[in-house]
Structures are given as C-alpha cells and as structure tokens.
Amino acid sequence: ADPKLGIVYDAGGKFDKSFNQSAFEGATRFKKETNINFIEVQASSDTQAEQVLRGLARKNLDLIASIGFAQQAAVQKVAKEFPKVRFVLIDGVAQGANVNSITFKEEEGSYLVGVAAAMASKSKKLGFIGGVDIPLIRTFACGYAQGAKAVNPKVEVTSNMVGTTSDSWNNPAKGGELARSQFDRGVDVVFAVAGGSGLGTLQTAKEKGKLAIGVDSNQNHLYPGSILTSMVKRVDNAVYDSFMQMKNGTWKAGVTAKGLKEGGVDWALDENNRKLITPDIEKRVMGARKDIIDGKVKVIDIRSGAACPV
Amino acid sequence: MTFDDLHIGSILVSTVRNAPVLIFAGMAGLFAERSGVIDIGLEGKILASAFVSAAVAFTTQNPWYGVMAGILVSVLLATLQAYVAITQKGNQLVAGIAINIAMSGLTFVVAQYIFQQGGRTPDLGTARLFDVVLPGSAAVENIPFIGWLYAHLIGGHSVLVYLAFGLVPLVHWVIYHSRFGLRLRACGENPHAADAAGVSVERQRYFAMIIAGVLCSFSGAYLAIVQSGFFLRDMSAGAGYLALTAMVFGNWRPLHTFLGCLMFGFFGAVQIQIEGVELPVVGRLPGALIQMVPYVLTVIVLAGLMAKSVAPKALGTPFVKSR
Amino acid sequence: MQPAVEFRGISKHFGAVKANTDVSFTIAKGSIHGLVGENGAGKSTLMSILYGYYRADGGDILLDGQARRIHNSQEAIALGIGMVHQHFMLVENMTVLDNVMLGSEGGFKLNKNRARVERELRDICVRYRLDVDPLATIHDLSVGAQQRVEILKQIYRSANILILDEPTAVLTAQETESLFEILRLFKEQGKTIILITHKLQEILDITDTVTVMRAGRVIGAVPTAGTTKEDLANMMVGRPIENNLPRAPYNPGAPVLQVDGLQLLDDQGVKLLADIGFTLRAGEIVAVAGVSGNGQSELMEILSGMRLPSSGKLAFLGKPLPFEGRSDADGLPRTFRELGIGHVPEDRLRDGVIKAFSVMHNTIFGYQDKLKNRWGLLNFKAIAARCAELMKNFDVRPNNHDLRIGLLSGGNQQKVVIAREVLAQPKLMLVGQPTRGVDIGTIESIHTQLLKLRDEGVAILLVSVELEEVRALADRILVMCGGRITGELKIEEFDTTRIGLLMGGMHKS
Amino acid sequence: MMNKDLPRWATAFVMPVLNLLSAMLVTALVIHLLGESPTESLAILVNSAVVNPEGLSYTLFYASTFIFTGLAVSIAMQAGLFNIGAEGQMYVGGLGLTWAMLAFDSSLPAWALIPLGVLGAAVFGALWSFLPGYLQAKRGSHVVVTTIMFNFIASQLMNFLIVKYMIPAGEQNPASRAFAAAAEMPRLNQWFPVLGETPFNISFFLAIIALVIYGVVVSRSAWGFKLRATGLNQHAAHYAGIRISKMIIIVMLISGALAGLGAVNSIMGSTHYLSLNFVGGAGFIGIAIALMGRQHPVGIFLSAVLFGALTQGGFDLSLEKQNIPPETVILIQGLIILFCGAMENLYAPAIAKVLNLRK
Ligand SMILES: Nc1ncnc2c1ncn2[C@@H]1O[C@H](COP(=O)(O)OP(=O)(O)OP(=O)(O)O)[C@@H](O)[C@H]1O
Ligand SMILES: Nc1ncnc2c1ncn2[C@@H]1O[C@H](COP(=O)(O)OP(=O)(O)OP(=O)(O)O)[C@@H](O)[C@H]1O
Ligand SMILES: [Mg+2]
Ligand SMILES: [Mg+2]
C-alpha cells in the first residue's frame, strides 16, 4: 500500500520563500511523480508543533516530515510516544530510533557564493543581509565571509540583520533599504538570507544595477542579469528523498549532515546567470567546490561552537 | 570598518526614503485624532491599501490605478471606523485594533486566493512608480556635494516622496489656517462648542476620517509600489504604530509629527550603518542591540523633553449631545 | 406688537423624566425676559429646544409669528438666535478670535478673514465697552472674560434673540453690572433677551417680564414691575424662603489656622500670592471676597494641600502644616484631611466628585481608607447605611444612592460633597463657591448647614464671589486682589461700596 | 447610553449573541468564497475547540495565557493607562522565569521551583513595565509610546540574550535548554486523563485566582477605589489625596507582573524552554480581550476563552480544510473584535423597537 505521509511546516508557513517553501516543493514533486498524497499542516508555535505531530501520529501516518529547528523538541517528544511512526526533522537534530535528522552544511554553500561574490565584486566590498540574528543565519554569513576572504583577504563584508521579530522575514522594504545603504557604502554584491525580506534586497540590487545572491531555492530567474547566483539548500530533495525512501522501503533513521558532497547545498548556475559568471569565476568556484568535497578545504561551522574565523 | 566610515550622505538619503511611509500615516492619524477620533487602525489601513494597490497595479500594469484602488479601500476602512466611532459611538480603540487584526488575516487570505503565491502578489515589474530625475542632474552629478545634494538628496526619489514632504506644509496650513482645520480642531477639543457654533461634529469627523483614509493609502502604496515592488503579508511591519508614536511624540502637531517621522527614519538609517561598525567607547555592538538604537533614543528624547501630553481633549469620546 | 418668540405646548422627555410639559408662553420683541425655577425645572432644556439642540416631542415654536422647526444650532443661528450656554462653549486652547470665527468663518482661508474679523471685534469691544483681547487664548482668560467672549460671539453674529443661561453664576457684581449694561444696550437696539438666573435680585433689576417654571411646567408669567423676590421664590419653591438664617452669637475660640507671609510664585516667577497673613479661629466663618482669579483658588489649594506654597509660615492648631521637604503635593491632601481639614472644592465637577461613580461611592471619596476592613476591602453595607443617613440629613434628591452622581443636579452634587466633608468632623473647613449655579431653595439648605457647622465650633474659610452669600454667612471678611489681602472687615462693617473698592485693589486706606 | 433602557437580559445576553452571530455570518461568507462549506467549518471549529475534551483543554490552555495578558491590560486601563506593552512584558517575564529555572532546576524540588518560576516571571515582567510607568508618572512621557518602544526593545534584548547566552552549544534552535522535569507545571491530565495529552496545566487555576483577586481588588477594595478614581478623574484623585504618580507606577508594575505571568503557562506549562518570540502576539490579544471584556473579570474570562477556542479550533479548521489557510483565523478574530467589541450597540435600537412593539 502507499505510505501515509505528512509534512509539518513551522511558523514561517509553506510560503516563507525559505526552507518551508522548499520542503513544500519537494513534497509536491514527489506527489506529482508518484500520485501519493500527503497531509500538510502549519504549526505556529512550539506548543502547536507538539499538538500537530501528535495529532498526525495518531492518524497512524508512516512518515512525518517536520520542517525547521523549532520543531526539534516536539519531534523528540512525540517520536518517543509513537515508536511506530517515523519522523524526518529538517534543520535540527532529535534523538530516537524512528527519527532521521537532516541538517545542512549551509556554510559550505555560502562559502561558494562568497567566492563568486568576491570575484565578481569590483569594489571588494560585499554585503550580507540576514533576517534575524540567529545561529542559522550566522552560519550563512560566516561561510560567505570565509569564501570571500579565501579569494582576497582584503575583501570587506558588511552585514546587517532585518530585525528581531517574526516580521523581520516579511519586511521587503527594510530588506531593500538595508541593501541601498550597503550599496551607498560601496558594496556591489549582496547576499540576502532573509526570507521574504530578501526579495526586497534582490529587487533593489536590480534597480541599482548591483549584484545580489539568492538563497534556499534557485532565485536566479527572478531578476536575470542582477542575480549573481543562488546558494541553494536542497530541503526539497531531502523531503523528496525521504518520501521516496519511505515508498521504496529504504528509509533509515539517523543523523545526516548534508553538504556539498551529499548534494545538500550548492551554488546555482543556469541560463539566467550564465552571463554573469565569467569562466574565471566558474573555475574558481568549481575549484573551491572540489576542494571542499575532497576535504582539502574545511569550512568552519560556527554552530559547532567555533568562532567565525574571519 | 571604523566609525569614520559612516556615510552621512547615505544616512540622509535613507532618511528621506524611509520617512514617507510614516509621514503619510502620521498625517492621516493627525486628521483623525485632531477631529477627536483615535486612529490606532493606521496599520490595518496601510496593509490593506498596500495589498490592493499592488494587486491592482499588477493586474492593470498601471501603478496609478493601483494607487487609486488603494485610496478606495483605505477610505472604505476609514469609513467603517468612522461609522463605528461616530454613528455607533463604539469604542474607537477596539475598532482600530479589530481592523488591524482583520486586515492582517484578510490580505493574506485574499492574496493567496487570487495569486497563489503565499500571500504575495507577483512582482510588479514595470508597473511601479519610478524615481524622478531632476532636470540637469547628470550635469551637476560630478560637482562635489552640490551634485549629491541635487541629484540624490533632493532629486532621485519617487513622486510619492515629494508628495509626502509637500504634504506637511499643506497639512499645517489646512489645520491652522483653513476653515476646515479650525472646525476640525474645535471638534477634537470641545465638540460641544463646535456644535453650539453650528458646526456638524459628525460630518466633520466623518470627513476627517476620510482624509485619514486617503493619506494612509499613500503609505501602503509607497510600501508596495515604490519601496518593494510587490505585496507581502504583514509587510507594514508596525509602520502604523510607529507613525502613531511619531504623532503622539509630535504632540498632535503637523510639523512636530513630521520631525518625529524624520527622527524614526534617521535613527533607522543610523542603525543600519552602525551595525558591525567599531564604535567609540562601546566598540562593536551586536546587531540585536544596534537595532534598539531608534527605540531607546525615542524613549530618552521623550523622557528628556518632559513631553506634557496635549492630546485633543475630546479624543476618544463619542460626541453625545447632552452634557 | 408681535411677540419675538412664542412657545406653544412644548413637551420634552428624557426617558422617564419629563423635562418640559406643555410649556406655553410668549416673549415680547425688544424685551428682557427672565426665566426662573429650581434646579432641574426644565429651563435649560426649553432653551436648548429653541436653539435647535434638542428636538421637542411636541408643540410649536413661533418666531415673529411664524411656526419654525429648528433642527440644529446651525438653523437657529441662521434665524438670528444666539445662546450663551450655562457651561461655556469655548475651545480652551484657541484664541478668542478663532472661537468667534468658528462656525462663521466667512470662507475657506482663515488668514484673510482673520484680519477683518479682528478689526471688527476690536470695534465691537470699543462700542460695547467689552474688555477682551481678540488674540488672547481662552485658557488664559478669567471666567468673567470668557463670559465676555461668549457675548462677543453673539454680537459678532448679530443675534436678534439672545438666550443667556445662568450667565451671572460665575460673575462678580461688577462683571454682572457691565453685562447688564450690554443687555440694556441690546434692548435699545431692539434685540430680544431671555435670561435664566437663580438670583432673583437680577430678575428684578433688569427684566421686563418673568416666567417661573417648576417641574417642567410654567407656573406663572408676570410683569417684573408687579412682583417681589418673595413672590417669585414662593412660586418657584412652593414655600417662602428665609433670608436671615438663625445663627449663634459670634464667639470665636482658639486659633485653628495661622497664616503668615504666605507667598506663591508660578513657573515664570510671577507672584500669584504675596504676603498673605491671617488667623482663623474655631467657631467663626471668615469669608474671602474678591473678583475670581485674584488668588483665592490658589490660597484654597495650598490650604488643602493640593499645592505647595513658595514660602511662608502656615500653622494648623499650632503645628506647622507639613509642606517641608516636599517636591510636589502628590498625596498631600490626604495628610491634610487626616489632620482635620475638610475641603469643599470650588470646581465640584473637576475636583470634588467622580462623575461616573454612584452617589454612594462619592460619599466615601477621599475617605475610602477609613472605611476599609483589615483586608483592605470596603464594607459596602456599612457604607450604604452611612450614605443613606447622610443623604437624609442633607436632603439629597433623588434619594437613590446607586445613581451616578453625574446625573444629579449641581445643587444636589454640592450637597453630597458638603455632607461628605462635614461627616469627617473637620476642625477646619475650606469652602469654595458653595452655591454656584444652585437654586435658592438649595442655597438656603447649604447655608443652614454651614452655619450649623460654625456653631459647632468648626473654623470655616469661605471663598465666594457672591457678596450676598458673604453677608449671609461671614463673621469676618478678607478681601483679596492681585494675590494680596487688600482689606479686612467685620461683618458689622459690611459695606458693598467699600468692599468693591478693596476688590478693585484700593489698598487698606 | 442607548441601551440604558433595555432590560439586562437583552444587553448581557441577546446583544452579544447577535453580535457574535454577525461576525460568524461574515466569516461564513468569506469561507464560502474560499470554496468551503461554512456549516462544516463551523462544526469542525466547535467540535475541535469545545466538544472534544482534548480540544477543550487546548482551548483552556491558550485561554490561561490570554487571561493573564488580558488582566495586565485591564488593570492598567482601570487607571486610565493604555499599556500596549504586555507583549514585551510577557517576553521579559519569560526571561526571569527561565533564569530562575536554569539556575535552580537541578538543585531544588518542584514545590520550590514552581513558585520560584512564577515569581521570576512576575518580577521580570514588572521590571520591564517599571520604566514606562515611571516615565509616565514623573516625566509625563506617554505610556502608549513608551510601551510600544519597550516592546521593540524587549524583542531585541531577548534576541541578543538568547542567541548570545542561552543556546546550548551545538544547537540550532534559538532557545534555552529544556528545564528539568521538576520545573514543569503539573498538567491536569495526570488527574483527568480524559483531557488527553495536552499542556493544559495548573496555570489555569492560577489565572482564575488572578481573575478573582483582580475582581475583588478593583471593585471592592479601597485601593481599587482609588485606582478607578485615578483613571476616571485625575484632578479629583489629587484632591482626594491619592498619590497619582505612585499609583501609576504601582499599577504599571502590577500590569507588567501579570503580563509576565502569562509566560508561566506558555513556558513552564508547555515548552519548558525559552525560545525566540515565544509570546507570539499573546500580549496584543490581551488588549483585545481587555477591551472586549470591558475590564470586567467575567468579561475577561469569556473573551479569553473565546480567543483560546479560536486559536485551537481555527488551527484544526485549517488542518482539515485545505482551502482555508491558518491566517483565516486572524481574520475571524478581527471580525469578532469588531462586532462584539466595537459595534456592541449595533442591534440596540432594533431590540428596543421590538420590545416596544410588544408593549
Ligand atoms: N440630556 C438629558 N438626559 C436626560 N435627562 C435630562 C437631560 N437633560 C435634562 N434632563 C432632565 O430634564 C430635567 C430638566 O433639566 P434642565 O437642565 O432643563 O433643568 P434646569 O431648569 O436648566 O436646571 P438648572 O437650574 O439646574 O440649570 C432635569 O430634571 C433632568 O432630569
Ligand atoms: N445626561 C443626563 N442624563 C440625565 N439627566 C441629566 C443629564 N444631564 C443633565 N441631567 C439633569 O439635568 C439637570 C440639570 O443639569 P445641569 O447640568 O444643568 O445641572 P445644574 O444644576 O445646572 O448644575 P450646574 O449648573 O452646577 O452645572 C440635572 O437635574 C441633571 O440631573
Ligand atoms: Mg440649566
Ligand atoms: Mg444650573
């Protein structure tokens, strides 16, 4: 029989222009290909996450994908209560024989776009715009800076956060304003990791004739010619794969950290940014990519407790 | 980066760009409250008009239609508020808060229903209001300071920016030097006196609310059509409350309210620039603490000014004919 | 001659209250018509109907013989009706000029007209000998001046029928006299004037005819020439009013309050009070007479602890009043009250009562901490009993302690306040304007209570702008002008002219 | 005013019901336009929020927090102060609670930890409202403005503290570590298994106790008398010897403490850790509850339960009806506030007419 599948988004909702949305896309792809449906719910608070997970588990679902670190505690708890139900936790780690925790090495993908940015920048001033100052976003920022400084230690990275409330992910005006301010100070490539606010950043880069870097999904198509590349984080693949494994009976519990090697993160090169990526840039980025995969370059993950080296 | 790298020019330009959202809404609030109606529903009106103007601008591919549709919706909401506050004599705070909450939900639901993009409208592309380039900007561009002043600080903004700044003296004039303003102030201070003088308090207040609706819609249009180029759920992000704060801060006076709006815009711009910068004495502050700057400064200024509140006396009380 | 106004069977009710029942009478053109009656008799309601403020339930109003429906004040103004309301209808933070222009601005742009109207106002002020600066802001003006602004408004609008609802309640004798001068001038110009007042002497002084109302009905309309105060009082209240209330012989006791060198400066350093010194003894009533706004209010505020003096010695029962070392007066009135100082404030609605509270709640206002049990809770049963007694003793009407006090007439509100303060058995009682806007029947009962208090040995400081009241109550009289005491008289020396001179600042000589 | 003449049963029962029905009618229209059946939706909502015991206990769980924030706003309103800062005060209250728990949860037993947590929440909530209260009392700075500012500042401060000091090493989630089991508010399902596996806990009784104390203090105590007098007429309050600035500061402290207590239910009763933005708008809902409930304890309780039911029922509704996004609940909340709070007198004239006809 077909597996019964569920997906639980966190407070950002499935249209957050970030990992929830990516998860939604992965699940949708799975559904299109297999015609197997899935239940989807949004948990607006940590309390609700537990309620939802338990509710779904009671319906005897086979696999529940929980999107976002906010659900970590809830997954851990509910997984223990329902040993027969399997859980996939995205962006967080929960213990349990029926839990597969998938995290991403955002620092590696960010390193690559950092390399690209440093090479594409004429002013050698780069910008970073994050949604809220939390470890996840800092990881992006630090990987980005590491990549950029690897190209040229003199590169400066200016970093701004949109805010501290949950509004901060939905404030394109501020996202744009931060970008303008950075451009005024000489920045010419900006990396936006701010959900909906980041859309304002991309937009502004286009208006001002500067370059921007998208995040999570491939955003190159939004403003071809102004988006240098995107740091893609394949939450969609993670969800898709989990569902597929469930269907094929190959699903396994565990903890996986998906980096460049595992195809969890990458940079995006397609027809939309082909013209912006010179052979030089491409060569350098691909080189860095190989070095990381081969283990020659180690990108520091600040979440491990290490300070950002740059 | 050091403290010296602060770009004052960039801060000023950014202030000019940030302020209109607050100025429009602040002036809107001013009309409502000067007439005696508390308008805590600015936020909801901004959000609704942002959505409608983006949606219509996108559909018609004409930003001006968007602006007009935004006006319409904002005025409708203001009229609803007026109906509750004036005709029903209901609680004005409750009405405003209800509108804010309902609009936060409704704009998402409708945007999602129509566009299926997660409560976002599609990108407006060219259906936006573009920046005004003052004649001769290119010529003076390279003259130090003057070029910047003319082409970037004074010029180079959207029409709505000029409208916002132009509005301030106009509002000042209307409130203090026109018949309408005289009656407006009288209704906010002592509606019984206005009534005894033959002024219809209800009509005056309805009128004020409609003007508030019109002005508020520009805030929304500016957010969606000028600053962002699309609508996104909850994109007003507290602008309405901030505008109200600027108005209280400005003691319900147009010029002072304007200064309050500029102050928020300015502090906001400063905060962007000092994030990650090595500051004298305190060193490099973490982002979250830097974000506090505008708000902490506001509290300090407010406490220092000994702001004796001079709210319109009849603010918030429905006009009932008996004493 | 055609009457200017004719009421025909006007009725108006508010819920169960019949404010006007079948009211009919006429007002001759070019006459001054008096309207009298107890508090709540329906005078203001009737005038409000004429001014389009309320709509009558039934009946007709005829102006110059023509039946008119007046739907709002705008229409009334257009018909040449002007009204000076019981409570001033002025916007406090605007200038006189703007207040006058409000409603008849003469165009969208104010500035152009402002200059013209200002000129016109100055002109009017000269012609009618009104002392008002068109550019002054209302809240800076004395009550009398605000009254003049109201008049100015009507003159500017060239009202032909002028309604004045208790215009003299807040005026001094001089101010009243100059108001009457203007009214006479109006009359000469053929204008019709309707005057509501509780002061029967004024009716006799200036009106041509007088209508008496009681409980919403017209009791009688008589030519002034053929009537007396006693007749009118009788018609109004239904019983004769005693003018000379009985009192024990003057026999003052020990000093209760000693004031010496009291000064008060405002923020700008202007002297509001200078060199105030007097002694108040047990069992006497000392009245402070003077034109309002000459420091009486400030004096009362200081003595009640609502405001700190700038300097001076103040002793209560021989001990200094606890002003020392305070930066503000926050909470001080409570200490004063506990010392035994009662205070009936001048502005009862602003200071003395909480309008939204019931009568019962208002009877414990300021004394709530004395009426709580050890849990800090109020014992409403005991409070209700206390309140019932108090309402009975002071004849508060209606006798319903659950009613919001805002719904009581001013006179009855005042009785509640006085009763509350008396019940606390103070040694010193500060009383400000106790009978402002109160009808003669109630005045009689308030005066009786105050005299009783005096006879019981309480020291009473009375501030009043009514010389009649001063004469009826005082044992000694202090006259204030410009923040100073300009003279002191014994009651036997009472002399209106002399007091008038002192009030005007003619020093002791 | 208008409804003064109406009998009590009409104003207390018929009118609120009619208003609620109107809000539901508009909601039904929206749901219909979204392509779902309004009646089914209503059935889901009611079933999930009140009929089903587990749902009901979620409803009451949410209501517990709302009662506290509603009380916080109400008590300030009694003194004429509009405290918009419950959101920030509850947030900071959560910090106090969490610090206490992190420091002592390994050393103290439950009977000591829980009161300590409650105290920590109240004290920190109060601290956060002190400055707005003080500035209002002493400097005349408008409390509306300062509390809005303090909400922003709280959010930034908490972000800083949580990210910088509280996240356990190696964790992603911007949240403190979870407390030990001793620091958990006892859940009611231990005694009433029918309530199901829900976070409904004894904070609810704490909320009820707070409501009762509030009701008694405000309407029956001498202090409450002074409180209301201050709110209604400051001139008179001064005349009566009430220390207004002290009153303002104290009432703001109490208000902040009550808002802080909201965190007890949310954190100690449910998540057992402090996380970013855990308040999630409960402070703002408190404003709506205070206004709709007329600052009366019974009104506050009913409004809090109504909003709790909407949170719970609306959540299930969006789960079952794919065309109804969760944001619809926000719209419904707005409509209910509008009809039941702002237009409460909408039907008064009509009812008066009907009653008169019968006479
Ligand atoms: N707005 C109102 N609502 C309800 N009842 C009212 C209202 N205004 C007046 N009344 C009632 O009408 C009666 C007449 O009031 P009115 O103000 O006309 O008296 P008045 O003669 O002017 O009294 P006073 O001498 O105190 O000014 C009062 O007893 C009162 O009960
Ligand atoms: N809204 C109201 N509802 C019921 N009765 C009212 C209302 N307003 C006024 N009244 C009644 O109208 C009568 C006169 O009111 P008014 O305010 O003129 O009192 P007053 O005795 O003239 O006091 P003062 O002149 O000192 O203000 C009072 O008896 C009062 O009960
Ligand atoms: Mg009257
Ligand atoms: Mg009167």
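This passage looks at the cysteines of the structure and then at the interface of chain B and chain D. The model is a predicted one.

A disulfide is a covalent bond between the sulfur atoms of two cysteines. Searching the whole structure, over all chains, turns up one disulfide. Its partners are Cys142(A) and Cys308(A), whose sulfur atoms lie 2.1 Å apart. This bond ties together distant parts of the chain: Cys142(A) sits in helix α5 (residues 135–151) of chain A, while Cys308(A) belongs to the segment after α9 (279–294) of chain A, and the two cysteines are 166 residues apart. The torsion about the S-S bond of Cys142(A) and Cys308(A) is about 100°, so the disulfide is right-handed.

The two ends of this bond can also be described by their accessibility. Cys142(A) has a relative accessibility of 3% and is therefore buried, because the limit for buried is under 20%. Cys308(A), with 33% relative accessibility, counts as partly exposed.

Cys261(B) takes part in no disulfide, and the nearest cysteine sulfur, belonging to Cys216(B), is 12 Å away. Cys261(B) is buried, its relative accessible area being 0%. In chain C, Cys481(C) counts as buried as well, at 18% relative accessibility.

Attention now turns to the interface of chain B and chain D. Here 44 residues of chain B are in contact with 39 residues of chain D. About 3800 Å² of area is buried between the two chains, and carbon and sulfur atoms give 80% of that area.

What charged and polar pairs link chain B and chain D? One salt bridge is counted between them. It joins Arg233(B) to Glu327(D), with the closest N and O atoms 2.9 Å apart.

By residue class, the side of chain B that touches chain D holds 32 nonpolar, 10 polar and two charged residues.

Terms used: Residues numbered from 1 in each chain as written. Chains lettered and ligands numbered in written order. Predicted model: local features only at pLDDT ≥ 70, side-chain atom pairs only at ≥ 80, totals over all residues. Heavy atoms only, no water. Disulfide = S-S within 2.5 Å. Helix = DSSP H or I, 4+ residues; strand = E, 2+ residues; numbered from the N terminus. Buried < 20%, exposed > 50% of the residue type's maximum accessible area, 1.4 Å probe, protein only. Contact = heavy atoms within 4.5 Å. Buried area = accessible area lost by both parts, 1.4 Å probe. Salt bridge = Lys/Arg side-chain N within 4 Å of Asp/Glu carboxyl O. Nonpolar A, V, L, I, M, F, W, Y, C, P; charged D, E, K, R; others polar.
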